[in-house]
Amino acid sequence: MIRTRVGYAGGTKENPTYHDLGDHSESVQVDFDPEQVSFEELLEAFWAGHNPTFSSGSRQYASIAFYQDEAQRQAIEESKARLESSTGKKVYTEVRQLDRFYLAEDYHQKYSLRHLSAVMAEFQAMYPDEADFVDSTAAARANGFAAGDGDPEVLERELESYGLSEAGEAALLKAAGLSR
C-alpha cells in the first residue's frame with residue numbers, strides 16, 4: 001500500500017463535508033502498487049475489515065466497493081459472490097463505479113495516528129504541510145499499525161524507514177501491541 005486517505009464518495013453533492021455529506025458515504029481511498037499487493041489481496045482485507053452481511057441502513061456508513069475499471073468491477077463481483085457462497089449469507093455491499101472522491105477534513109486523516117501525540121508530533125515536524133502528511137506513505141503505514149492492524153513482523157522490518165526517533169518508534173510499537 002502506498003497511501004490511504006479518508007473522504008467521501010458515491011453521491012452527487014459538490015464538496016461534501018463531514019457535517020454536510022449529502023448523499024455521499026464515508027470512504028477510504030487506497031493507492032497501491034500491484035507489484036507489491038494485488039487488488040484481490042486488498043479485497044480480502046476489505047471484506048475482513050467490516051461485516052458486509054449487515055445492511056447499515058445509513059447512506060453515510062454504507063458498505064460500498066468502488067471500482068475504477070471493468071477488471072476491478074469483475075474482481076469485486078467475483079469476490080462478493082465467493083463470500084456469499086462461503087458464508088451462506090447475503091452480502092449487502094454495493095459495487096459502484098467511482099465517479100469522484102472528496103478528501104475529508106484534515107482532522108479525519110490518519111485518525112489513529114493523531115491519537116499518539118508523541119508520534120504525531122514527529123510526523124508533523126517531518127511534514128509541516130498537512131497535504132504532505134496526508135499523502136505520506138510512512139504516515140499511512142504508521143496509522144494502520146497505530147490502529148492495531150497489520151503484521152507485527154512487517155512493522156519491525158520497516159519501522160526504521162518511517163524516520164521516527166527511538167522514542168517515537170517505541171510509542172508506535174507499544175500502540176501496535178509490541179515492544180522492544
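**Figure 1. Aromatic pairs in the predicted model.** Four aromatic pairs turn up when the whole structure is searched. Phe123, Tyr127 and Phe133 belong to one aromatic cluster. Elsewhere, a charge lies over a ring: the charged end of Lys90 sits over Tyr92, 5.3 Å from the centre of the ring.

**Figure 2. The largest nonpolar core.** This core has 19 residues. Leu113, Phe123, Phe133, Leu155, Tyr162 and Leu172 are those with the most contacts inside it. Two or more residues each come from helix H4 (117–126), helix H5 (130–135), helix H6 (137–146), helix H7 (152–158) and helix H8 (166–175). H6 gives the most, with five residues.

**Figure 3. Surroundings of Leu172.** Leaving aside residues up to four places away in sequence, Leu172 touches Leu116, Val119, Ala142, Phe145, Ala146, Leu155, Leu159, Tyr162 and Leu164. Two of these neighbours, Leu155 and Tyr162, are also listed with Leu172 among the residues with the most contacts inside the largest core.

**Figure 4. Buried and exposed faces of helix H4.** Val119, Met120, Glu122 and Phe123 are the buried residues shown in H4. Viewed down the axis of H4, the buried residues fall within an arc of 160°, so they line one face of the helix. The face turned away from this buried side carries Ser117 and Ala125, which are exposed. The packing partners of the buried residues of H4 are helix H3 (111–114), H5, H6 and H8.

Conventions: Residues are numbered from 1 along each chain as its sequence is written. This is a predicted model: local features need pLDDT of at least 70, side-chain atom pairs count only at pLDDT 80 or more; totals for chains, interfaces and linings use all residues. Side-chain values use heavy atoms; hydrogens and water are left out. A nonpolar core is a set of buried Ala, Val, Leu, Ile, Met, Phe, Trp, Tyr and Cys residues joined through side-chain atoms within 4.5 Å. Buried means under 20% relative accessible area, exposed over 50%, partly exposed in between (1.4 Å probe, protein chains only). Helices (H or I, at least four residues) and strands (E, at least two) are DSSP runs, numbered from the N terminus. Contact means heavy atoms within 4.5 Å. Rings of Phe, Tyr and Trp (its six-membered ring) pair if their centres lie within 6.5 Å; planes under 30 degrees apart count as stacked, over 60 as edge-to-face and the rest as tilted. A charge sits over a ring if NZ of Lys or CZ of Arg is within 6 Å of the ring centre and within 35 degrees of the ring normal. The arc is that of the directions from the helix axis to the C-beta atoms.
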